[in-house]
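Take a look at the model below.

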Amino acid sequence: MTALLFLVIGIAMIAATAGRRDIAVGLFGIGVIVSVLWLRHHMTDPLVLSF
Amino acid sequence: MSSLVRLGNALGVAGIALVLLMAFGAQFALKELPCPLCLLQRVAFTMCGFGFLLNLRFGSQPLHYGVILLGALFGAAAAGRHVLLHIVPGSGSYGSPLLGLHYYTWSFLLFLAVIVAVAVLLILSGGGRPEHDRFDARPAARFSGVVRLVAYLLIGVTLANVANSVVQCGFGECSDNPTSYWLLQRF
């Protein structure tokens with residue numbers, strides 16, 4: 001799954017380099033949404049913050 | 001785009017590529033595999049690098065700075081969560097410290113530095129110019145010289161992270177505390 005995130009951003013970079021900004025920014029948007037969902041998925045351990 | 005702003009964005013791309021290369025260096029030299037939160041911090045660095053890349057390719061624009069800020073805020077959230085997991089004495093740590101700080105603490109500081117850098121670049125982009133010329137929306141310019149080198153370096157290290165993630169985690173979820181590469185165990 002993490003590989004997919006890198007792949008989406010990598011393709012976005014290649015699209016930007018090729019001059020296709022709309023595609024690049026669209027891919028970035030998808031990447032951000034999936035990344036936030038993936039971060040939320042990994043935030044499972046309770047924080048021990050009682051001082 | 002002023003040459004100073006273009007230089008700042010080129011330094012941003014080069015800096016992000018350097019951070020990702022150093023992460024690979026630590027991973028292979030110290031044989032410390034990145035955890036899921038560590039990989040998400042790497043993803044955030046690539047997002048920031050993508051924003052700097054857009055500025056170099058299409059000119060300095062608010063959309064591109066927004067991309068960098070979103071990446072930096074996402075990275076700060078992931079790194080901050082990682083710091084909080086180990087902030088209480090006795091709660092352990094992940095990986096070796098570098099100059100007294102763990103990688104996730106460095107990440108958090110670097111994401112804050114990226115936000116500060118964007119603020120400076122925004123000021124430089126708009127300062128002393130007429131309102132209608134605040135942001136340069138010139139036609140796309142192809143990369144050349146050193147800029148091309150750092151841009152391709154960033155793209156290369158991002159694609160290397162794709163390969164690394166597949167080798168380490170496969171196509172599913174990464175282990176919370178990885179000790180071996182998923183793909184290498186298949187042989």
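This is a predicted model: local features need pLDDT of at least 70, side-chain atom pairs count only at pLDDT 80 or more; totals for chains, interfaces and linings use all residues.

A residue counts as buried if 20 or more other C-beta atoms lie within 10 Å of its own.

Chain A is built from two helices and zero strands. Its radius of gyration is 15 Å, well over the 10 Å that the globule rule gives for 51 residues, so chain A is more spread out than a compact globule. The box tells of its proportions: along the principal axes, the C-alpha atoms of chain A fill roughly 50 × 20 × 15 Å.

Now to the contact between the chains. Chain B brings 39 residues to it, and chain A brings 29 residues. On the chain B side, α2 (36-58), α3 (62-85) and α5 (145-169) each supply at least two residues. The most come from α2(B), with twelve residues. By type, the chain B side divides into 30 nonpolar, six polar and three charged residues.

That helix deserves a look of its own. α2(B) has 23 residues and spans 33 Å from its first C-alpha to its last, close to the 33 Å expected at 1.5 Å a residue. Is it enclosed by the rest of the structure, or open? Of its 23 residues, 23 are buried, so α2(B) is largely enclosed by the rest of the structure. After the helix comes G59(B), with a positive phi near 95°.

Next, the core. In soluble globular proteins, nonpolar side chains tend to be buried together. The largest nonpolar core here has 64 residues. Within this core, I9(A), F28(A), V13(B), L53(B) and L154(B) touch the most other members. Both chains take part: α1 (2-17) and α2 (21-42) of chain A give two or more residues, as do α1 (3-29), α2, α3, α4 (103-126) and α5 of chain B. Again α2(B) gives the most, here with 15 residues.

L154(B) shows how such a residue is placed. Which residues does L154(B) contact, leaving aside neighbours within four places in sequence? They are M13(A), V13(B), I16(B), A17(B), G49(B) and L53(B).

Finally, a residue with other surroundings. S3(B) lies in helix α1 of chain B. It is exposed, with 7 other C-beta atoms within 10 Å. S3(B) and R186(B) are 183 residues apart along the chain, and their C-alpha atoms are separated by 51 Å.

Technical notes
Residues are numbered from 1 along each chain as its sequence is written. Chains are lettered from A and ligands numbered from 1 in the order in which they are written. Two residues are in contact if their C-beta atoms, placed from the backbone, lie within 7 Å. Helices (H or I, at least four residues) and strands (E, at least two) are DSSP runs, numbered from the N terminus. Ala, Val, Leu, Ile, Met, Phe, Trp, Tyr, Cys and Pro count as nonpolar, Asp, Glu, Lys and Arg as charged, and the others, Gly among them, as polar. The expected span of a helix is 1.5 Å times one less than its number of residues. A residue is buried if 20 or more other C-beta atoms lie within 10 Å of its own, exposed if 12 or fewer, and partly exposed in between; C-beta atoms are placed from the backbone. The radius of gyration is taken over C-alpha atoms; the globule rule is 2.2 Å times the number of residues to the power 0.38. A nonpolar core is a set of buried Ala, Val, Leu, Ile, Met, Phe, Trp, Tyr and Cys residues joined through C-beta atoms within 7 Å.
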